[in-house]
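Please keep the structure open beside them.

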Amino acid sequence: MPLAVGPALLLSAVLCLAAAGNPKLPTAVNITWSSINFKTILLWQPKPSGYFYTVEIHGQTSDTKKKCILTRETECDVTDALRNVRETYTAHILSVMSSGMDNFEEPPFSVSEKFTPYNQTVLGKPDIQNYTQISSKLNVVFQDPLTPYTFPNGSFQSIRDIFQHDLEYKLYYWKDQSSGKKDATTKSHEFEVSIDSTTNYCFYIQGTIPSRRENRNGQESMVLCTSVGKNILDEYGPEVFIIIAVMAIAIIVLTVVLPVILCKRKKTKAVREKEPLNGV
């Protein structure tokens, strides 16, 4: 009996020593998904010291994909691993030693929250191509943001190619220097709205997915304003007229008053020259 117990005790001691020499590694915390137009970055903390991270992407139906293997970074571009944008994924961030070491147990890891690209990626800013204000019509033409995913021919897919009829755009417009906004909706690449023909307007565009419960509205485009009928006062303010008035007065002084003064001085000099010298 003692002979049977000895080897068991010896093996336990070896395993204990191995465990003591390889303490459990820290695991990732504050794991977040950052995704715009399906470009998706995984972020976490802390920076590793003496170990590495490896990211595993687990889908509901797809095979597990490894990304950023043995990285010392705390972010990882996982876009390529999320091509099925309607699938729900979780990320396992493994804390591992170097690849040259054998691990008898699964390395410690942290699990992210679930992420579904189709429902959670943020819509980026639309690109306004052209806009005109003619008579009582404001026309705005724009393009969809592109995604990192491509067609077989290598051209990039737009968000419209993925969302299709789920995608809408809203135009928000208002009279220049006014706070009252109006809006219009389209599923195309163009807006045409009726406006006051005598007033300039400002506007921006925003993509939206009405079917979403969260992240429904995308990023806003830059604000642009029309300039039909703008005069100098609209463009520069009353200060420009003050400057013009001062310049006009200066010109009048130089062209009218100054010649009069010079003429008087000339006459005075002529009179003095005609006067007899004292004592003559």
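How many helices and strands does the secondary structure of the chain come to?

1. Overall make-up. The model is a predicted one, and the secondary structure of its chain comes to 5 helices and 17 strands. The chain has 280 residues, of which 33% count as buried, and it exposes about 18,400 Å², with carbon and sulfur atoms supplying 57% of that area. Among the contacts with a separation of 6 or more, 59% are between residues 24 or more positions apart.

2. The nonpolar core. In soluble globular proteins, nonpolar side chains tend to be buried together. The largest nonpolar core in this chain has 43 residues, and those with the most contacts inside it are L42, W44 and I57. For W44, once its neighbours within four places in sequence are left aside, the contacts include A28, V29, N30 and I31, then Y53 and V55, then the run E73, T74, E75 and C76, and also I93.

3. The disulfide C68 to C76. A search of the whole structure finds 2 disulfides, and one of them joins C68 to C76 with an S to S distance of 2.0 Å. Its torsion about the S-S bond is about 95 degrees, so this disulfide is right-handed. The two cysteines fall into separate accessibility classes, since C68 has a relative accessible area of 27% and is partly exposed, whereas C76, at 1%, counts as buried. C76 is also one of the residues in contact with W44.

4. The disulfide C202 to C225. Here the S to S distance is 1.9 Å, and the torsion about the S-S bond is about 105 degrees, so this disulfide is right-handed. Because C202 lies in strand β15 and C225 in strand β17 (residues 224-225), the pair ties together parts that are 23 residues apart in sequence. C202 is buried, with a relative accessible area of 4%, while C225 is partly exposed at 30%. When the bonded cysteines of the chain are numbered in sequence order, the pairing reads 1-2, 3-4.

5. Aromatic pairs. A pair of aromatic rings is described by the distance of the centres and the angle of the planes. The structure holds 12 aromatic pairs. One of them, formed by Y118 and F163, is tilted, with 4.8 Å centre to centre and 50 degrees between the planes. This pair links distant parts of the chain, as Y118 is in helix α2 (residues 117-120) and F163 in helix α3 (residues 159-163), 45 residues apart. Y118 counts as buried at 6% relative accessibility, and F163 is buried with a relative accessible area of 2%. A further pair, Y131 with F203, is edge-to-face, at 5.2 Å centre to centre and 70 degrees between the planes. It too links distant parts of the chain, with Y131 in strand β8 and F203 in strand β15 (residues 201-208), 72 residues apart. Of its two members, Y131 counts as partly exposed at 29% relative accessibility, whereas F203 is buried, with a relative accessible area of 0%.

6. The cluster and the charges over rings. F38, Y118, Y149 and F163 form one aromatic cluster. The ring of Y118 also has the charged end of R86 sitting over it, 3.9 Å from the ring centre. Elsewhere, K181 lies over the face of W174, at 5.2 Å from the ring centre.

7. Backbone points to check. Most residues other than glycine have a negative phi, and most peptide bonds are trans. Against that background, a cis peptide bond joins Q45 and P46, with omega about 0 degrees, and P46 lies in the loop between β2 (39-45) and β3 (52-59). L70, in strand β4 (residues 65-71), has a positive phi near 50 degrees and counts as partly exposed at 30% relative accessibility. S135 also has a positive phi, near 55 degrees. S135 lies in the loop between β8 (127-134) and β9 (137-143), and it counts as exposed because its relative accessibility is 54%, where the cut-off is over 50%.

Conventions. Residues are numbered from 1 along each chain as its sequence is written. This is a predicted model: local features need pLDDT of at least 70, side-chain atom pairs count only at pLDDT 80 or more; totals for chains, interfaces and linings use all residues. Side-chain values use heavy atoms; hydrogens and water are left out. Helices (H or I, at least four residues) and strands (E, at least two) are DSSP runs, numbered from the N terminus. Buried means under 20% relative accessible area, exposed over 50%, partly exposed in between (1.4 Å probe, protein chains only). Rings of Phe, Tyr and Trp (its six-membered ring) pair if their centres lie within 6.5 Å; planes under 30 degrees apart count as stacked, over 60 as edge-to-face and the rest as tilted. A charge sits over a ring if NZ of Lys or CZ of Arg is within 6 Å of the ring centre and within 35 degrees of the ring normal. Contact means heavy atoms within 4.5 Å. Accessible areas come from the Shrake-Rupley method with a 1.4 Å probe; for residues, only the protein chains shown count as cover. A nonpolar core is a set of buried Ala, Val, Leu, Ile, Met, Phe, Trp, Tyr and Cys residues joined through side-chain atoms within 4.5 Å. A disulfide is a pair of cysteine sulfur atoms within 2.5 Å.
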